[in-house]
Amino acid sequence: MSLFYKAAEILACLPYYIYSVYVLGIFFKKSAFYRGWILIAFGIIYLPLTATPYQHISNAVMSIVCMLVIFIVSFICFEGNPVRKAVTIIVYNIFDILLGNILFYFVSGITKTPISRLTSGMGSTRIYLLCTGFFIEFFILFLLKEIHGSSQRLHRTEAAISLIFFLCDFTVCFMTYYVLFYLTREKTVLRFCLVLSVLMLTATLLVLWLLGQLQKKTQNDFENKMLSMQLREQKALLARTQEGMEKILEIRHDMKNYLLQYKLLLEKGKSSEVLEDLERMLGQRISAEDISYTKHPLVNSLLKHKYETAKKLHIPFHVRVQIHPEYQNLDLMVAISNLVDNAIEAESAIPEQFRAISVEMIERDGHLSILVQNRITASVLSVNPDLKSSKPGGIHGIGLNSVRRIVESQDGLIDIFEENEKFCVHIFYPCMQSQ
């Protein structure tokens, strides 16, 4: 039995290494050198350092050496600032020590077992506590990933289901501990507790896997809707481009006729008629085809299309754009289109004298600032703070939630607020001209 306890003590050193890599994966992106065999190789190096009792080296020094091994792993397999990585590893090490101390002192106070026996002995109680500690730590790190690191976060219902299963597992752990160490040690009971624990653990892992599959399905559905929106925008852009080409050919033909007529009039000395006709043409009101907001073809075409829609509804449409002509991000274009559509829909519901929409896209220092504003006659956020859409299903019904997901999925920021009787959506988005 002592051999089993020694093997368990050695294997108990591995979860700290695994959890450390897990924490690094939450806060830092994987580098191009991230490989499974590299993690295994360093794990083989790490295990003897923690499992071998070096009598002439203090625990503090060994902890530093182990953290150094993990830091090397972070330097090779993860991107980011080395100082931030070191701080993350140190903070997690402190968290692991504090959690272990809290658990051991808590059990020692309840069971009246000396703390020295729990921390240095090789009994079943210590093994049981180590497993319980690893289980609690996994639950905390799982929640941390959902809060901070996961782009596909659990919904409230999914998080509640996960929490219920974790609490059930935790309850089973303490119930089996109480039965085994205070009531009976009969083999039948031991086997029953073992089977119950394995079943609960299997059920929990199965539920987590099913929730992961559900998240993937939800994400795939969302991406399909985004692709449908992109396809719709691209088809509309293609149609507008083709229409524009036809108008250009028509203008070229008309211009040729105009120039021919002007030539004949000038040859006859009727320059006053030519000047009069030119003044008439130059004095005509500028149409959407003559407007150019930016040299970026996709953004310019998109805004011209929205201008035409707003013009038909008698909505003043103000635009200010400073963006690199080669910037490409279809997801962001879909988000902007959705925001302007929402603004147009909101403005069409208020009296004409109050209507106004402004769109601002400014690129500075590798970031793109996008501000879409529309006039309001009453506060929207005070009545509907969560901005839940009351529209029926469909692509357009995705609304601001889709904009949030697009922006957050690419490390952007979004702020929704009201000021000066305007509803404002401000997006701050990282952009690279090389994209």
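The crossing of helices α11 and α12 is right-handed, the term used when the near helix is turned clockwise from the far one by less than a right angle. The structure is a predicted model, in which local features need pLDDT of at least 70, side-chain atom pairs count only at pLDDT 80 or more, and totals for chains, interfaces and linings use all residues. Residues are numbered from 1 along each chain as its sequence is written, and side-chain values use heavy atoms, with hydrogens and water left out. Helices (H or I, at least four residues) and strands (E, at least two) are DSSP runs, numbered from the N terminus.

Helix α11 spans residues 297–312 and helix α12 residues 330–347. Their axes come within 11 Å and cross at roughly 15 degrees. That makes α11 roughly parallel to α12, a label for angles under 35 degrees. Axes are lines fitted to C-alpha atoms, for helices over the stretch in contact, and angles run from 0 to 180 degrees between N-to-C directions. Contact means heavy atoms within 4.5 Å. On the α11 side, the residues that meet α12 include Leu298, Val299 and Leu302. Their counterparts in α12 include Met333, Ile336 and Val340. By class, this contact has 9 nonpolar, 2 polar and 2 charged residues. Here Ala, Val, Leu, Ile, Met, Phe, Trp, Tyr, Cys and Pro count as nonpolar, Asp, Glu, Lys and Arg as charged, and the others, Gly among them, as polar.

An open sheet of 5 strands has the order β1-β2-β3-β5-β4, with mixed pairing. Two strands pair if DSSP finds at least two bridges between them. Strands β1 (317–322) and β4 (413–419) stand at the edges; each has a single partner strand, so one side of each is left without a neighbour in the sheet. On average, neighbouring strands are turned by 10 degrees against each other, direction ignored. Helix α11 packs on this sheet and touches β1 and β2. Its direction makes about 170 degrees with that of β1. Helix α12 lies across β1, β2, β3 and β5, and runs at about 15 degrees to β3.

The pairing of β1 with β2 (residues 357–364) is parallel, over 6 bridges. Phe317 has Ile357 in β2 as its bridge partner. β2 and β3 pair in the antiparallel sense over 8 bridges. Glu363 stands opposite Leu368 in β3. The hairpin of β2 and β3 has 2 residues between the strands, and Asp365 takes a positive phi near 50 degrees there. β3 also pairs with β5 in the antiparallel sense, over 9 bridges.

Notes. Parallel < 35°, antiparallel > 145°, perpendicular 65-115°, else oblique.
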